[in-house]
Amino acid sequence: QLPFIASYQHSHTHNDFAVDVVSVASQTRLSYTHAQIDTWGKHKSIRYVWGFTESEDFDTNCSKKSEEELAAHVKACSTNYGWDHAIEKFVKLYYGVVEGGRLRSDESGWMCAQRRPG
């Protein structure tokens, strides 16, 4: 059951390079997290790997938000908070946009995962 410490490599001294990994996961795709652990998570520099899913969300009903609630969330997150003009412009253009230019701000599950771990 997540969250879990999925991988522990070895004790690191102060001279070693250690990486602790947080994987933002989903109950629907736990195999992805396990694949991360079984591949690059086994690298000698990885000390811990934690996986967090919907069950660790701040609001466990977040992914069930209505379209109206989601739109209000997106508006609040992309509103000007007194940022520098360049940052404000970037946030308004790209909030919710992921690799390949795909807009995900209309997908409540994806938006809720952005706050994980909460």
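**Architecture, core and salt bridges of the predicted chain**

The protein chain has four helices and five strands, where helices (H or I, at least four residues) and strands (E, at least two) are DSSP runs numbered from the N terminus. The model is predicted, so local features need pLDDT of at least 70 and side-chain atom pairs count only at pLDDT 80 or more, while totals for chains, interfaces and linings use all residues. Residues are numbered from 1 along each chain as its sequence is written, and side-chain values use heavy atoms, with hydrogens and water left out.

Along the sequence, the elements of the protein chain follow the order β-β-α-β-α-α-β-β-α. Of its 118 residues, 30% count as buried; buried means under 20% relative accessible area, exposed over 50%, and partly exposed in between (1.4 Å probe, protein chains only). The accessible surface of the protein chain comes to about 8,200 Å², and carbon and sulfur atoms hold 54% of this surface. Accessible areas come from the Shrake-Rupley method with a 1.4 Å probe, and for residues only the protein chains shown count as cover. Among contacts in the protein chain with a separation of 6 or more, 70% are between residues 24 or more positions apart, a contact being heavy atoms within 4.5 Å.

The largest nonpolar core consists of five residues, namely Leu 70, Val 74, Val 98, Trp 110 and Met 111. Helices α2 (67–77) and α4 (108–113) each supply at least two residues of this core. A nonpolar core is a set of buried Ala, Val, Leu, Ile, Met, Phe, Trp, Tyr and Cys residues joined through side-chain atoms within 4.5 Å. When neighbours within four places in sequence are left aside, Val 98 is in contact with Arg 104 and Trp 110.

Trp 110 is also touched by Gly 96, whose other contacts, not counting residues up to four places away in sequence, are Arg 102, Leu 103, Arg 104 and Ser 105. Gly 96 lies in the loop between α3 and β4 and is buried because its relative accessible area is 8%.

On the surface, Phe 90, Leu 93, Tyr 94, Val 97 and Leu 103 form a nonpolar patch with about 480 Å² of accessible area together. Patches are made of residues with over 30% relative accessible area and no salt bridge, like charges being joined within 9 Å and nonpolar side chains (Val, Leu, Ile, Met, Phe, Trp, Tyr) within 5 Å. Helix α3 (residues 85–94) contributes the largest share of the nonpolar patch, three residues. Val 97 is placed in strand β4 (residues 97–98) and is partly exposed, with a relative accessible area of 30%.

Three salt bridges are counted, each requiring a side-chain nitrogen of Lys or Arg within 4 Å of a carboxyl oxygen of Asp or Glu. One of them joins the side chains of Arg 47 and Asp 20 (2.6 Å, N to O). This pair links distant parts of the chain, with Arg 47 in strand β3 (residues 46–52) and Asp 20 in strand β2 (residues 19–24), 27 residues apart. Arg 47 is partly exposed at 28% relative accessibility, as is Asp 20 at 35%.

Arg 102, Arg 104 and Glu 107 are linked in a network of salt bridges. Arg 104 counts as buried because its relative accessibility is 18%, whereas Arg 102 is partly exposed at 45% and Glu 107 is partly exposed at 23%.
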